[in-house]
Amino acid sequence: MIELLKEEDLDQVLEIENESFSNPWSRKNFLSEIANNDLSEIYVDIVDGEIVAYGDLWYMFENCDLTKIAVRKAQRHKGYGRKMMKHLISAARRRGCEFMHLEVNVNNKEALSLYEKDGFEVVRTRKRYYENGDDAYDMIRGLLGEEEPKKILAIESSCDETACAIVDEELNVLSSVVTSQIDVHARFGGVIPEVASRMHVEQISTIIKEAIDKAQVSMDDIDAIAYTIGPGLIGSLHVGAIGAKSLAFFYDKPLIGVHHLKGHIFINELIKPLQYPMMALVVSGGHTELVYIENDQSFKIIGTTLDDAIGEAYDKVARVMKEAYPGGPVIDRLAKTGKPHYQLPTPKVDGLNFSFSGLKNAVLQLVKKEESAGNTINKEDLAYAFQEVALNTLVKKTKSALEQYPCKSVVIAGGVAANSRLRELMKENFADHDLILPPLKYCTDNALMIACAAVHYLKAGKFVGFDASSMPSMSIED
Ligand code: KG4
Ligand code: ZN
(Lines give C-alpha, C1' and ligand atoms only; values in the text may rest on other atoms or scores of the structure.)
(Ligands and ions follow the chains in the order given, each with its own letter.)
Protein backbone atom coordinates (compact mmCIF):
# COMPACT_ATOMS: atom_id res chain seq x y z
CA MET A 1 0.00 0.00 0.00
CA ILE A 2 1.40 3.39 -0.93
CA GLU A 3 1.37 6.04 1.80
CA LEU A 4 3.34 9.07 2.97
CA LEU A 5 6.71 8.39 4.60
CA LYS A 6 6.69 8.40 8.42
CA GLU A 7 9.69 8.76 10.68
CA GLU A 8 9.47 5.12 11.77
CA ASP A 9 9.89 4.01 8.13
CA LEU A 10 13.26 5.73 7.84
CA ASP A 11 15.52 2.76 8.69
CA GLN A 12 14.10 0.80 5.79
CA VAL A 13 14.18 3.75 3.39
CA LEU A 14 17.85 4.35 4.23
CA GLU A 15 18.64 0.70 3.41
CA ILE A 16 17.17 1.19 -0.07
CA GLU A 17 18.77 4.62 -0.43
CA ASN A 18 22.21 3.19 0.34
CA GLU A 19 21.91 0.29 -2.08
CA SER A 20 20.49 2.49 -4.86
CA PHE A 21 22.51 5.71 -5.02
CA SER A 22 26.23 6.47 -5.06
CA ASN A 23 25.54 9.73 -3.19
CA PRO A 24 22.90 8.59 -0.75
CA TRP A 25 20.91 10.98 1.43
CA SER A 26 21.44 10.86 5.17
CA ARG A 27 18.74 10.45 7.82
CA LYS A 28 18.97 14.22 8.39
CA ASN A 29 18.15 14.92 4.73
CA PHE A 30 15.04 12.76 4.94
CA LEU A 31 13.96 14.25 8.27
CA SER A 32 14.14 17.80 6.93
CA GLU A 33 12.16 16.66 3.89
CA ILE A 34 9.44 15.19 6.14
CA ALA A 35 9.36 18.43 8.14
CA ASN A 36 9.05 20.41 4.93
CA ASN A 37 5.90 18.61 3.86
CA ASP A 38 4.23 21.68 2.34
CA LEU A 39 6.68 21.68 -0.52
CA SER A 40 7.57 18.05 -0.80
CA GLU A 41 6.11 14.58 -0.38
CA ILE A 42 7.86 11.24 0.00
CA TYR A 43 5.70 8.19 -0.66
CA VAL A 44 6.58 4.65 0.41
CA ASP A 45 5.11 1.40 -0.88
CA ILE A 46 4.68 -1.08 2.00
CA VAL A 47 4.15 -4.76 1.17
CA ASP A 48 3.84 -7.24 4.08
CA GLY A 49 5.44 -4.71 6.42
CA GLU A 50 8.44 -4.22 4.12
CA ILE A 51 9.10 -1.01 2.22
CA VAL A 52 9.71 -2.07 -1.37
CA ALA A 53 9.93 1.34 -3.07
CA TYR A 54 9.77 5.05 -2.46
CA GLY A 55 9.52 8.24 -4.45
CA ASP A 56 10.09 11.89 -3.64
CA LEU A 57 8.31 14.88 -5.18
CA TRP A 58 9.19 18.55 -4.80
CA TYR A 59 6.50 21.03 -5.67
CA MET A 60 7.32 24.40 -7.24
CA PHE A 61 4.17 26.25 -8.34
CA GLU A 62 2.93 24.57 -11.51
CA ASN A 63 6.03 22.39 -11.78
CA CYS A 64 6.88 19.29 -9.83
CA ASP A 65 10.32 17.69 -9.52
CA LEU A 66 10.64 13.95 -9.21
CA THR A 67 13.87 13.95 -7.22
CA LYS A 68 14.07 10.28 -6.35
CA ILE A 69 12.44 6.99 -7.14
CA ALA A 70 14.02 3.79 -5.85
CA VAL A 71 13.08 0.12 -5.55
CA ARG A 72 14.61 -2.31 -3.04
CA LYS A 73 17.27 -4.39 -4.81
CA ALA A 74 15.66 -7.74 -3.96
CA GLN A 75 12.27 -6.50 -5.23
CA ARG A 76 13.28 -5.10 -8.62
CA HIS A 77 11.61 -6.15 -11.91
CA LYS A 78 8.29 -6.88 -10.20
CA GLY A 79 6.44 -3.76 -11.31
CA TYR A 80 6.95 -1.68 -8.14
CA GLY A 81 8.83 1.10 -9.99
CA ARG A 82 5.96 1.68 -12.42
CA LYS A 83 3.38 1.38 -9.65
CA MET A 84 5.17 4.13 -7.71
CA MET A 85 5.57 6.26 -10.84
CA LYS A 86 1.83 6.05 -11.59
CA HIS A 87 1.06 7.02 -8.03
CA LEU A 88 3.43 10.02 -8.12
CA ILE A 89 1.94 11.25 -11.41
CA SER A 90 -1.60 11.06 -9.95
CA ALA A 91 -0.49 12.80 -6.74
CA ALA A 92 1.09 15.67 -8.70
CA ARG A 93 -1.93 15.96 -10.97
CA ARG A 94 -4.29 16.07 -7.99
CA ARG A 95 -2.16 18.86 -6.53
CA GLY A 96 -2.75 20.89 -9.69
CA CYS A 97 0.77 20.62 -11.22
CA GLU A 98 1.15 21.06 -14.96
CA PHE A 99 4.58 19.46 -15.47
CA MET A 100 6.77 16.83 -13.89
CA HIS A 101 10.53 17.08 -14.29
CA LEU A 102 13.38 14.69 -13.51
CA GLU A 103 17.07 14.17 -14.19
CA VAL A 104 18.61 10.87 -15.20
CA ASN A 105 22.14 9.68 -15.96
CA VAL A 106 22.38 9.24 -19.76
CA ASN A 107 24.02 5.84 -19.16
CA ASN A 108 21.19 4.53 -17.00
CA LYS A 109 19.36 2.86 -19.90
CA GLU A 110 16.96 0.94 -17.65
CA ALA A 111 15.69 4.09 -15.91
CA LEU A 112 15.51 5.95 -19.23
CA SER A 113 13.28 3.34 -20.79
CA LEU A 114 11.04 3.28 -17.67
CA TYR A 115 10.61 7.05 -17.82
CA GLU A 116 9.94 7.02 -21.57
CA LYS A 117 7.23 4.38 -21.06
CA ASP A 118 5.64 6.70 -18.55
CA GLY A 119 5.52 9.60 -21.01
CA PHE A 120 8.69 11.55 -20.14
CA GLU A 121 10.69 13.17 -22.97
CA VAL A 122 14.31 14.32 -23.02
CA VAL A 123 14.42 18.12 -23.31
CA ARG A 124 18.13 18.82 -22.84
CA THR A 125 21.46 17.33 -21.83
CA ARG A 126 23.41 18.60 -18.82
CA LYS A 127 27.10 18.08 -19.48
CA ARG A 128 29.22 16.47 -16.74
CA TYR A 129 26.35 16.80 -14.29
CA TYR A 130 27.44 13.94 -12.04
CA GLU A 131 30.60 13.77 -9.90
CA ASN A 132 32.08 11.01 -12.07
CA GLY A 133 31.75 13.22 -15.16
CA ASP A 134 28.63 11.54 -16.59
CA ASP A 135 26.04 13.67 -18.42
CA ALA A 136 22.41 13.92 -17.32
CA TYR A 137 19.22 14.26 -19.33
CA ASP A 138 16.51 16.64 -18.23
CA MET A 139 13.19 14.90 -18.85
CA ILE A 140 9.73 16.45 -18.72
CA ARG A 141 6.21 15.10 -18.79
CA GLY A 142 3.06 17.19 -19.10
CA LEU A 143 0.28 16.47 -16.62
CA LEU A 144 -2.52 18.45 -18.28
CA GLY A 145 -4.79 17.53 -21.12
CA GLU A 146 -4.82 13.85 -20.22
CA GLU A 147 -8.08 12.28 -19.37
CA GLU A 148 -8.64 11.99 -15.62
CA PRO A 149 -8.65 8.33 -14.60
CA LYS A 150 -12.24 7.07 -14.47
CA LYS A 151 -13.86 6.83 -11.05
CA ILE A 152 -16.04 3.98 -9.81
CA LEU A 153 -18.48 4.04 -6.91
CA ALA A 154 -18.95 0.51 -5.58
CA ILE A 155 -21.48 -1.00 -3.16
CA GLU A 156 -21.13 -4.25 -1.20
CA SER A 157 -24.04 -5.81 0.70
CA SER A 158 -23.81 -9.56 0.09
CA CYS A 159 -23.80 -10.69 3.71
CA ASP A 160 -23.58 -8.70 6.94
CA GLU A 161 -21.46 -5.68 5.95
CA THR A 162 -22.95 -2.62 4.26
CA ALA A 163 -20.17 -0.80 2.42
CA CYS A 164 -19.45 1.81 -0.23
CA ALA A 165 -16.11 2.84 -1.74
CA ILE A 166 -14.82 5.10 -4.50
CA VAL A 167 -11.60 4.36 -6.43
CA ASP A 168 -10.21 5.47 -9.75
CA GLU A 169 -9.08 3.08 -12.45
CA GLU A 170 -5.45 3.56 -11.41
CA LEU A 171 -6.47 2.14 -8.03
CA ASN A 172 -6.15 5.36 -6.07
CA VAL A 173 -8.52 4.94 -3.14
CA LEU A 174 -10.69 8.02 -2.68
CA SER A 175 -12.87 6.63 0.11
CA SER A 176 -14.02 3.40 1.70
CA VAL A 177 -16.78 3.14 4.30
CA VAL A 178 -17.91 -0.10 5.98
CA THR A 179 -20.46 -0.83 8.70
CA SER A 180 -20.69 -4.28 10.10
CA GLN A 181 -23.78 -5.88 11.62
CA ILE A 182 -21.68 -8.51 13.32
CA ASP A 183 -22.59 -7.45 16.88
CA VAL A 184 -26.27 -7.90 16.12
CA HIS A 185 -25.86 -11.33 14.48
CA ALA A 186 -23.45 -12.50 17.20
CA ARG A 187 -26.43 -12.49 19.59
CA PHE A 188 -28.08 -15.16 17.40
CA GLY A 189 -24.89 -17.20 16.84
CA GLY A 190 -24.89 -16.59 13.07
CA VAL A 191 -26.18 -14.29 10.33
CA ILE A 192 -29.99 -14.10 10.25
CA PRO A 193 -30.80 -13.26 6.60
CA GLU A 194 -34.00 -11.30 7.32
CA VAL A 195 -32.26 -9.18 9.93
CA ALA A 196 -29.33 -8.60 7.59
CA SER A 197 -31.55 -7.31 4.73
CA ARG A 198 -33.41 -5.01 7.05
CA MET A 199 -30.20 -3.54 8.44
CA HIS A 200 -28.80 -3.00 4.92
CA VAL A 201 -31.95 -1.01 4.10
CA GLU A 202 -31.37 1.14 7.18
CA GLN A 203 -27.69 1.74 6.45
CA ILE A 204 -27.20 1.93 2.72
CA SER A 205 -28.15 5.55 1.96
CA THR A 206 -26.03 6.94 4.79
CA ILE A 207 -23.05 4.81 3.78
CA ILE A 208 -23.21 5.94 0.15
CA LYS A 209 -23.47 9.58 1.18
CA GLU A 210 -20.54 9.20 3.56
CA ALA A 211 -18.35 7.62 0.84
CA ILE A 212 -19.13 10.48 -1.56
CA ASP A 213 -18.45 13.13 1.10
CA LYS A 214 -15.17 11.51 2.17
CA ALA A 215 -13.94 11.26 -1.43
CA GLN A 216 -14.81 14.95 -1.94
CA VAL A 217 -16.44 14.21 -5.29
CA SER A 218 -19.89 14.79 -6.69
CA MET A 219 -21.92 12.25 -8.66
CA ASP A 220 -20.88 14.11 -11.84
CA ASP A 221 -17.30 12.94 -11.21
CA ILE A 222 -18.34 9.28 -11.05
CA ASP A 223 -18.03 7.27 -14.28
CA ALA A 224 -19.64 3.96 -13.28
CA ILE A 225 -21.62 2.35 -10.45
CA ALA A 226 -20.60 -1.13 -9.33
CA TYR A 227 -22.30 -3.52 -6.91
CA THR A 228 -22.06 -7.12 -5.77
CA ILE A 229 -24.38 -9.13 -8.01
CA GLY A 230 -23.61 -12.47 -6.27
CA PRO A 231 -23.01 -14.80 -4.56
CA GLY A 232 -24.52 -13.98 -1.17
CA LEU A 233 -27.80 -13.77 0.73
CA ILE A 234 -30.53 -12.90 -1.76
CA GLY A 235 -32.25 -10.28 0.41
CA SER A 236 -28.95 -8.58 1.23
CA LEU A 237 -27.83 -8.63 -2.42
CA HIS A 238 -31.12 -7.02 -3.46
CA VAL A 239 -30.59 -4.00 -1.22
CA GLY A 240 -27.18 -3.25 -2.80
CA ALA A 241 -28.57 -3.90 -6.29
CA ILE A 242 -31.47 -1.48 -5.80
CA GLY A 243 -29.12 1.15 -4.37
CA ALA A 244 -26.74 0.83 -7.32
CA LYS A 245 -29.50 0.73 -9.94
CA SER A 246 -31.20 3.81 -8.50
CA LEU A 247 -27.94 5.79 -8.67
CA ALA A 248 -27.17 4.54 -12.19
CA PHE A 249 -30.70 5.34 -13.37
CA PHE A 250 -30.93 8.78 -11.82
CA TYR A 251 -27.43 9.94 -12.80
CA ASP A 252 -27.30 8.04 -16.11
CA LYS A 253 -24.18 5.98 -15.36
CA PRO A 254 -23.18 2.52 -16.58
CA LEU A 255 -23.77 -0.33 -14.14
CA ILE A 256 -21.28 -3.09 -13.26
CA GLY A 257 -22.36 -6.32 -11.51
CA VAL A 258 -19.31 -7.71 -9.68
CA HIS A 259 -18.76 -11.27 -8.47
CA HIS A 260 -18.06 -11.04 -4.72
CA LEU A 261 -15.11 -13.47 -4.79
CA LYS A 262 -13.43 -11.58 -7.64
CA GLY A 263 -13.51 -8.67 -5.21
CA HIS A 264 -11.68 -10.71 -2.57
CA ILE A 265 -9.09 -11.62 -5.22
CA PHE A 266 -8.56 -8.25 -6.93
CA ILE A 267 -8.22 -6.24 -3.71
CA ASN A 268 -4.77 -7.83 -3.56
CA GLU A 269 -3.83 -5.52 -6.41
CA LEU A 270 -3.71 -2.67 -3.91
CA ILE A 271 -0.73 -4.50 -2.42
CA LYS A 272 1.21 -5.35 -5.55
CA PRO A 273 0.77 -5.97 -9.27
CA LEU A 274 -0.71 -9.42 -9.95
CA GLN A 275 1.24 -11.74 -12.20
CA TYR A 276 -0.61 -14.21 -14.40
CA PRO A 277 -1.23 -17.06 -14.48
CA MET A 278 -2.25 -16.83 -10.84
CA MET A 279 -3.64 -19.29 -8.28
CA ALA A 280 -6.21 -18.02 -5.80
CA LEU A 281 -7.09 -19.97 -2.67
CA VAL A 282 -10.51 -18.56 -1.82
CA VAL A 283 -11.41 -19.27 1.79
CA SER A 284 -14.52 -17.63 3.24
CA GLY A 285 -17.68 -18.35 5.15
CA GLY A 286 -19.41 -19.61 2.01
CA HIS A 287 -16.56 -20.84 -0.21
CA THR A 288 -13.44 -22.95 -0.32
CA GLU A 289 -12.11 -22.89 -3.84
CA LEU A 290 -8.89 -23.17 -5.76
CA VAL A 291 -9.24 -20.84 -8.73
CA TYR A 292 -6.80 -20.87 -11.64
CA ILE A 293 -6.70 -17.40 -13.18
CA GLU A 294 -5.07 -17.31 -16.59
CA ASN A 295 -5.70 -13.60 -17.05
CA ASP A 296 -7.98 -11.02 -15.44
CA GLN A 297 -10.99 -12.31 -17.45
CA SER A 298 -10.46 -16.06 -17.19
CA PHE A 299 -11.36 -17.94 -13.99
CA LYS A 300 -11.43 -21.72 -13.66
CA ILE A 301 -12.47 -23.53 -10.47
CA ILE A 302 -10.08 -26.47 -10.20
CA GLY A 303 -11.03 -27.48 -6.67
CA THR A 304 -13.99 -26.84 -4.38
CA THR A 305 -15.52 -28.13 -1.16
CA LEU A 306 -17.88 -31.04 -1.43
CA ASP A 307 -19.74 -30.00 1.75
CA ASP A 308 -18.93 -27.24 4.30
CA ALA A 309 -16.85 -24.18 3.50
CA ILE A 310 -13.77 -23.72 5.65
CA GLY A 311 -15.12 -20.58 7.38
CA GLU A 312 -18.39 -22.39 8.08
CA ALA A 313 -16.42 -25.24 9.68
CA TYR A 314 -14.55 -22.74 11.89
CA ASP A 315 -17.85 -21.16 12.94
CA LYS A 316 -19.49 -24.51 13.71
CA VAL A 317 -16.51 -25.85 15.65
CA ALA A 318 -16.51 -22.65 17.72
CA ARG A 319 -20.19 -23.15 18.42
CA VAL A 320 -19.54 -26.71 19.62
CA MET A 321 -16.99 -25.17 22.01
CA LYS A 322 -19.68 -22.68 23.11
CA GLU A 323 -17.69 -19.76 21.72
CA ALA A 324 -19.14 -16.65 20.04
CA TYR A 325 -19.85 -16.07 16.34
CA PRO A 326 -17.85 -15.57 14.15
CA GLY A 327 -15.78 -18.52 15.29
CA GLY A 328 -12.77 -18.07 12.99
CA PRO A 329 -11.00 -15.34 14.96
CA VAL A 330 -11.75 -17.15 18.27
CA ILE A 331 -10.23 -20.44 17.13
CA ASP A 332 -7.29 -18.59 15.60
CA ARG A 333 -6.60 -17.00 19.01
CA LEU A 334 -7.17 -20.17 21.11
CA ALA A 335 -4.97 -22.31 18.85
CA LYS A 336 -1.97 -20.07 19.43
CA THR A 337 -1.48 -21.53 22.92
CA GLY A 338 -2.80 -25.00 22.08
CA LYS A 339 -0.61 -28.13 22.09
CA PRO A 340 -0.73 -31.34 20.06
CA HIS A 341 -2.98 -33.45 22.27
CA TYR A 342 -6.20 -34.42 20.45
CA GLN A 343 -6.15 -36.55 17.31
CA LEU A 344 -8.52 -35.63 14.47
CA PRO A 345 -8.84 -37.38 11.11
CA THR A 346 -7.40 -35.79 7.98
CA PRO A 347 -10.14 -35.44 5.31
CA LYS A 348 -9.58 -37.89 2.48
CA VAL A 349 -10.80 -36.50 -0.82
CA ASP A 350 -9.30 -37.30 -4.20
CA GLY A 351 -7.95 -34.63 -6.52
CA LEU A 352 -8.14 -30.97 -5.68
CA ASN A 353 -11.50 -30.94 -3.88
CA PHE A 354 -12.02 -30.41 -0.17
CA SER A 355 -14.34 -31.70 2.54
CA PHE A 356 -14.67 -30.34 6.05
CA SER A 357 -17.89 -31.85 7.39
CA GLY A 358 -16.16 -35.07 8.52
CA LEU A 359 -13.63 -33.04 10.45
CA LYS A 360 -16.36 -30.92 11.99
CA ASN A 361 -18.30 -34.04 13.05
CA ALA A 362 -15.14 -35.57 14.49
CA VAL A 363 -14.79 -32.47 16.71
CA LEU A 364 -18.42 -32.85 17.79
CA GLN A 365 -17.97 -36.57 18.62
CA LEU A 366 -14.77 -35.87 20.53
CA VAL A 367 -16.44 -33.18 22.64
CA LYS A 368 -19.43 -35.46 23.36
CA LYS A 369 -17.15 -38.36 24.32
CA GLU A 370 -15.00 -36.27 26.65
CA GLU A 371 -18.04 -34.66 28.24
CA SER A 372 -19.79 -37.97 28.87
CA ALA A 373 -16.57 -39.26 30.44
CA GLY A 374 -16.71 -36.25 32.76
CA ASN A 375 -13.56 -34.64 31.28
CA THR A 376 -13.28 -30.92 30.57
CA ILE A 377 -12.25 -30.08 27.06
CA ASN A 378 -9.07 -28.11 26.67
CA LYS A 379 -10.31 -25.54 24.16
CA GLU A 380 -6.84 -24.35 23.18
CA ASP A 381 -5.71 -27.89 22.36
CA LEU A 382 -8.91 -28.67 20.46
CA ALA A 383 -8.67 -25.44 18.44
CA TYR A 384 -5.06 -26.31 17.67
CA ALA A 385 -5.93 -29.86 16.54
CA PHE A 386 -8.81 -28.70 14.31
CA GLN A 387 -6.85 -25.85 12.80
CA GLU A 388 -3.72 -27.88 12.02
CA VAL A 389 -5.74 -30.52 10.15
CA ALA A 390 -7.94 -28.01 8.31
CA LEU A 391 -5.19 -25.62 7.26
CA ASN A 392 -2.65 -28.27 6.30
CA THR A 393 -5.30 -29.72 3.99
CA LEU A 394 -5.63 -26.33 2.30
CA VAL A 395 -1.87 -26.04 1.87
CA LYS A 396 -1.47 -29.60 0.56
CA LYS A 397 -4.19 -29.11 -2.07
CA THR A 398 -2.78 -25.75 -3.11
CA LYS A 399 0.60 -27.42 -3.63
CA SER A 400 -0.91 -30.14 -5.83
CA ALA A 401 -2.85 -27.48 -7.75
CA LEU A 402 0.36 -25.60 -8.50
CA GLU A 403 2.03 -28.79 -9.74
CA GLN A 404 -0.80 -29.26 -12.23
CA TYR A 405 -1.26 -25.57 -13.04
CA PRO A 406 2.07 -23.74 -12.69
CA CYS A 407 1.52 -20.11 -11.69
CA LYS A 408 3.50 -16.98 -10.96
CA SER A 409 1.38 -15.31 -8.25
CA VAL A 410 -0.36 -17.14 -5.42
CA VAL A 411 -3.00 -15.22 -3.45
CA ILE A 412 -5.30 -16.04 -0.57
CA ALA A 413 -8.66 -14.32 -0.46
CA GLY A 414 -11.75 -14.18 1.76
CA GLY A 415 -12.43 -13.91 5.49
CA VAL A 416 -10.31 -16.92 6.49
CA ALA A 417 -7.27 -15.28 4.81
CA ALA A 418 -7.10 -13.28 8.06
CA ASN A 419 -6.08 -16.46 9.91
CA SER A 420 -2.62 -16.03 11.40
CA ARG A 421 -1.63 -19.71 11.13
CA LEU A 422 -2.76 -19.93 7.50
CA ARG A 423 -0.65 -16.87 6.68
CA GLU A 424 2.34 -18.47 8.41
CA LEU A 425 1.86 -21.75 6.52
CA MET A 426 1.51 -19.94 3.19
CA LYS A 427 4.80 -18.11 3.79
CA GLU A 428 6.53 -21.37 4.74
CA ASN A 429 5.24 -23.29 1.73
CA PHE A 430 4.99 -20.83 -1.15
CA ALA A 431 8.04 -18.63 -0.72
CA ASP A 432 9.16 -19.76 -4.18
CA HIS A 433 6.11 -18.01 -5.70
CA ASP A 434 5.03 -14.39 -5.81
CA LEU A 435 2.90 -14.83 -2.69
CA ILE A 436 0.33 -12.16 -1.85
CA LEU A 437 -1.30 -12.04 1.57
CA PRO A 438 -3.96 -9.34 1.91
CA PRO A 439 -3.62 -7.08 4.97
CA LEU A 440 -6.15 -8.02 7.67
CA LYS A 441 -8.40 -5.03 7.05
CA TYR A 442 -8.92 -6.21 3.45
CA CYS A 443 -9.83 -9.81 4.38
CA THR A 444 -13.32 -9.09 5.69
CA ASP A 445 -16.06 -7.87 3.35
CA ASN A 446 -15.78 -4.26 2.16
CA ALA A 447 -16.65 -2.26 -0.94
CA LEU A 448 -13.08 -1.40 -1.88
CA MET A 449 -12.67 -4.98 -3.09
CA ILE A 450 -15.76 -4.63 -5.30
CA ALA A 451 -14.37 -1.39 -6.72
CA CYS A 452 -10.96 -3.00 -7.43
CA ALA A 453 -12.63 -5.86 -9.32
CA ALA A 454 -14.96 -3.40 -11.10
CA VAL A 455 -11.91 -1.70 -12.67
CA HIS A 456 -11.34 -4.92 -14.65
CA TYR A 457 -15.01 -5.10 -15.73
CA LEU A 458 -14.86 -1.45 -16.79
CA LYS A 459 -11.71 -1.96 -18.87
CA ALA A 460 -13.27 -5.01 -20.56
CA GLY A 461 -16.56 -3.13 -21.16
CA LYS A 462 -18.56 -5.65 -19.09
CA PHE A 463 -21.71 -3.90 -17.93
CA VAL A 464 -25.16 -5.13 -16.84
CA GLY A 465 -28.63 -3.75 -17.61
CA PHE A 466 -31.32 -2.56 -15.20
CA ASP A 467 -32.98 -5.97 -15.57
CA ALA A 468 -29.97 -7.85 -14.11
CA SER A 469 -30.98 -10.33 -11.38
CA SER A 470 -28.95 -10.82 -8.25
CA MET A 471 -27.46 -14.32 -8.15
CA PRO A 472 -27.16 -15.87 -4.68
CA SER A 473 -25.15 -18.88 -5.87
CA MET A 474 -23.28 -17.42 -8.84
CA SER A 475 -20.07 -19.21 -9.90
CA ILE A 476 -16.83 -17.29 -10.35
CA GLU A 477 -16.60 -18.84 -13.83
CA ASP A 478 -19.78 -17.00 -14.99
O1 KG4 B 1 -15.30 -13.48 3.38
P2 KG4 B 1 -16.09 -13.35 4.62
O3 KG4 B 1 -15.96 -12.06 5.42
O4 KG4 B 1 -17.61 -13.55 4.35
C5 KG4 B 1 -18.02 -14.41 3.33
O6 KG4 B 1 -18.05 -13.95 2.16
O7 KG4 B 1 -18.26 -15.60 3.68
O8 KG4 B 1 -15.68 -14.57 5.56
C9 KG4 B 1 -16.25 -14.81 6.83
C10 KG4 B 1 -15.63 -16.06 7.44
C11 KG4 B 1 -16.30 -16.47 8.74
O12 KG4 B 1 -16.62 -17.83 8.66
C13 KG4 B 1 -15.22 -16.22 9.80
O14 KG4 B 1 -15.31 -17.10 10.90
C15 KG4 B 1 -13.96 -16.43 9.02
O16 KG4 B 1 -14.24 -15.83 7.75
N17 KG4 B 1 -12.79 -15.80 9.64
C18 KG4 B 1 -11.72 -16.47 10.09
C19 KG4 B 1 -10.84 -15.53 10.68
N20 KG4 B 1 -11.41 -14.29 10.56
C21 KG4 B 1 -12.60 -14.48 9.91
N22 KG4 B 1 -11.44 -17.79 10.04
C23 KG4 B 1 -10.28 -18.19 10.58
N24 KG4 B 1 -9.41 -17.36 11.18
C25 KG4 B 1 -9.63 -16.04 11.25
N26 KG4 B 1 -8.76 -15.23 11.84
ZN1 ZN C 1 -16.61 -12.28 1.50
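Predicted model: local features only at pLDDT ≥ 70, side-chain atom pairs only at ≥ 80, totals over all residues.
Into which domains is the protein divided? There are three entries to keep in mind for the views below: domain 1 (2-142), domain 2 (151-267 + 444-460) and domain 3 (272-437), with bounds that come from an automatic or database domain assignment. Residues are numbered from 1 along each chain as its sequence is written, chains are lettered from A and ligands numbered from 1 in the order in which they are written, and side-chain values use heavy atoms, with hydrogens and water left out.**View 1. The domain layout.** Taken over C-alpha atoms, the centres of domain 1 and domain 2 are 35 Å apart.

**View 1. The open sheet S10-S9-S8-S11-S12.** Here we have five strands in that order, with mixed pairing. Strands (E, at least two residues) and helices (H or I, at least four) are DSSP runs, numbered from the N terminus, and two strands pair if DSSP finds at least two bridges between them. At the edges sit strand S10 (173-180) and strand S12 (255-259), each pairing on one side only. From one strand to the next the twist averages 20°; for angles like this one, axes are lines fitted to C-alpha atoms, for helices over the stretch in contact, and the values run from 0 to 180 degrees between N-to-C directions. Zoom in on strand S8 (residues 151-156) and strand S11 (residues 224-230): they run parallel and are joined by four bridges. In this pair, Ala154 stands opposite Ala226 of S11.

**View 2. The open sheet S15-S14-S13-S16-S17.** Five strands again, in this order and with mixed pairing. S15 and strand S17 (434-436) are the edge strands, and each has a single partner, so one side of each is left without a neighbour in the sheet. Ignoring direction, neighbouring strands are turned by 20° against each other on average. On one flank, strand S16 (residues 409-413) runs parallel to S17, with three bridges between them. Val410 has Leu435 as its bridge partner in S17. Helix H12 (residues 379-404) packs on this sheet, touching strand S13 (278-283), S14, S15 and S16. The direction of H12 makes about 155° with that of S13.

View 3. Strand S14 (residues 288-295) and strand S15 (residues 298-304) run antiparallel, joined by six bridges. Look for Ile293, which stands opposite Phe299 in S15.

**View 4. Ligand 1 and its surroundings.** How many residues surround ligand 1? The number is 20, and the closest are Gly285, Asp315, Asp332, Gly415 and Asn419; a residue counts as near if one of its heavy atoms lies within 4 Å. An N or O atom in the side chain of Asp315 is 2.7 Å from an oxygen atom of ligand 1. Gly328 brings a backbone N or O atom to 3.1 Å from a ligand 1 oxygen. For Asn419, a polar side-chain atom lies 3.0 Å from a nitrogen atom of ligand 1. On its own, ligand 1 has 550 Å² of accessible area, of which the protein covers 87%; areas come from the Shrake-Rupley method with a 1.4 Å probe, and for residues only the protein chains shown count as cover.

**View 5. Arg421 and its contacts.** Arg421 is in helix H13 (residues 420-429). Its side chain makes a polar contact with the side chain of Glu388, at 2.7 Å. Leaving aside residues up to four places away in sequence, Arg421 touches Asp332, Gln387, Glu388, Leu391 and Glu428.

View 6. Most residues other than glycine have a negative phi, and most peptide bonds are trans. Gly230 and Pro231 are joined by a cis peptide bond with omega about -10°, and Pro231 is in the loop between S11 and helix H7 (234-251). The Tyr276 to Pro277 peptide bond is cis as well, with omega near -5°; Pro277 lies in the loop between helix H8 (260-266) and S13. Phe61 has a positive phi, near 50°, and lies in the loop between strand S3 (50-60) and strand S4 (63-71).

Note on methods. Polar contact = N/O pair within 3.5 Å; in protein donor to acceptor, adjacent residues only side chain to side chain. Contact = heavy atoms within 4.5 Å.
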